[in-house]
Amino acid sequence: ARALTPQTAETDAIRFLVGTQSLRYDNQIHIIDFDDENNIINKNVLLHQVGEIWHISTSPADKGVLATCYNKTSDSKVMTCAAVWRMPKELESGSHESPDDSSSNTQTLELLCHLDNTAHGNMACVMWEPMGDGKKIISLADNNILLWDLQESSAKAVLSSSAALEGKGQLKFTSGRWSPHHNCTQIATANDTTVRGWDTRSMRQIYCIENAHGQLVRDLDFNPNKQYYLASCGDDCKVKFWDTRNVTEPVKTLEEHSHWVWNVRYNHSHDQLILTGSSDSRVILSNMVSISSEPFGHMVDDDELSDQEEQHQEEKIKEPLQDSVIATYEEHEDSVYAVEWSSADPWLFASLSYDGRLVINRVPRALKYHILL
């Protein structure tokens with residue numbers, strides 16, 4: 001397995017979706033519900049009968065809707081296609097009831113529509129407009145950016161605009177992220193060693209970071225609380241942080257992994273917390289506080305402080321906190337292809353390795369209180 005996503009619209013229950021990659025069996029989407037109080041994982045299985053799942057993303061507005069990119073073999077050629085699906089009604093919101101007998105309980109996803117890519121090439125990923133009503137999505141297919149409008153009840157996807165990468169050679173996007181800032185009018189894409197920014201209104205390029213990494217760029221993520229800040233990671237084992245207003249140099253570089261870095265994710269609430277997953281089988285949680293929205297620690301209301309405390313507080317404010325690796329998680333024995341924060345609990349995250357092992361972890365308690373208090 002290599003596809004993992006939190007259920008974005010579900011903010012009450014801790015829930016992740018995992019897509020499988022099997023050549024011999026029908027592929028599946030596993031709905032993983034984590035019962036925090038009792039420390040139990042419950043699983044429901046949905047059949048995804050169209051092929052190996054390479055990428056999975058969920059609607060920000062509708063708990064039951066998701067998109068997958070999957071492999072389809074036709075005329076001995078393999079195409080990566082994309083489609084939008086709906087899960088069965090009873091599985092839409094996170095429940096703590098585990099099915100009594102999982103074998104009899106496999107249900108099938110309902111196909112809402114295909115994102116027709118016959119003219120555009122292989123789909124790399126599908127991104128939903130982050131703050132939207134779940135009607136706008138962008139897919140990256142080979143060297144094309146395609147902006148789709150999902151029509152009534154998502155039964156049809158209409159291509160509303162597109163852009164293509166121009167240049168020498170076979171240009172292909174590897175990944176992309178839709179920025180939650182600037183009224184959701186910007187996306188970032190990765191192709192080869194380059195990171196580019198695009199304006200979704202004009203579909204024109206707004207910035208370009210050439211040679212952002214020494215080798216292939218694998219993943220991107222925007223800081224949710226601080227506009228212009230973008231993280232990238234790649235096959236040069238590095239994670240880099242950029243200010244997109246000045247892309248000549250990264251603001252910071254992390255060099256903790258010893259193999260390709262597949263994934264980088266900002267915490268949605270506390271943007272100093274950064275998760276990375278790599279083919280070195282490790283997940284690393286870093287505290288990048290110096291470039292976060294709270295570089296000097298938690299903001300304290302002046303009214304709450306006595307004089308003595310105030311003086312102490314002022315001394316503390318002058319010194320920014322130090323960036324550091326908080327923890328390295330080594331529960332995986334295979335390449336970690338995906339790491340994701342829970343949408344419901346900011347202190348909880350999941351990681352997925354190629355052998356199909358999903359591990360749920362939480363931010364160390366001491367650090368959690370250090371951030372909160």
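Start with the open sheet of three strands, in the order S26-S27-S28, with antiparallel pairing. Keep in mind that this is a predicted model. Which strands sit at the edges? Strand S26, residues 336-341, and strand S28, residues 358-362; each pairs on one side only. On average, neighbouring strands here are turned by 20° against each other, direction ignored.

Now S26 and S27. Strand S27 covers residues 348-353, and five bridges join S26 to it. Look at Trp 341: its bridge partner in S27 is Phe 349.

Next, the rings. How many aromatic pairs does a search of the whole structure find? Seven. Take Trp 262 and Tyr 337. Their ring centres are 4.3 Å apart and their planes stand at 70°, so this pair is edge-to-face. The two residues are 75 apart in the chain, with Trp 262 in strand S22, residues 261-266, and Tyr 337 in strand S26. Buried or exposed? Both Trp 262 and Tyr 337 are buried.

Back to Trp 341 and Phe 349. They also form an edge-to-face aromatic pair, 5.4 Å centre to centre, with 70° between the planes. Trp 341 has a relative accessible area of 1%, so it is buried. Phe 349 is buried too, with a relative accessible area of 1%.

Ring pairs link Trp 260, Trp 262, Tyr 337 and Tyr 354.

Last stop, the surface. Tyr 369, Leu 372 and Leu 373 form a nonpolar patch there, with about 330 Å² of accessible area together. Leu 372 belongs to helix H2, residues 365-372. Its relative accessibility is 37%, so Leu 372 counts as partly exposed.

How values were computed
Residues numbered from 1 in each chain as written. Predicted model: local features only at pLDDT ≥ 70, side-chain atom pairs only at ≥ 80, totals over all residues. Heavy atoms only, no water. Patch = residues over 30% accessible without salt bridge, like charges linked within 9 Å, V, L, I, M, F, W, Y side chains within 5 Å. Areas by Shrake-Rupley, 256 points an atom, 1.4 Å probe, with all protein chains shown as cover. Salt bridge = Lys/Arg side-chain N within 4 Å of Asp/Glu carboxyl O. Helix = DSSP H or I, 4+ residues; strand = E, 2+ residues; numbered from the N terminus. Buried < 20%, exposed > 50% of the residue type's maximum accessible area, 1.4 Å probe, protein only. Pairing = 2+ DSSP bridges. Axes fitted to C-alpha atoms, helices over the stretch in contact; angles between N-to-C directions. Phe/Tyr/Trp six-rings, centres within 6.5 Å; stacked < 30°, edge-to-face > 60°.
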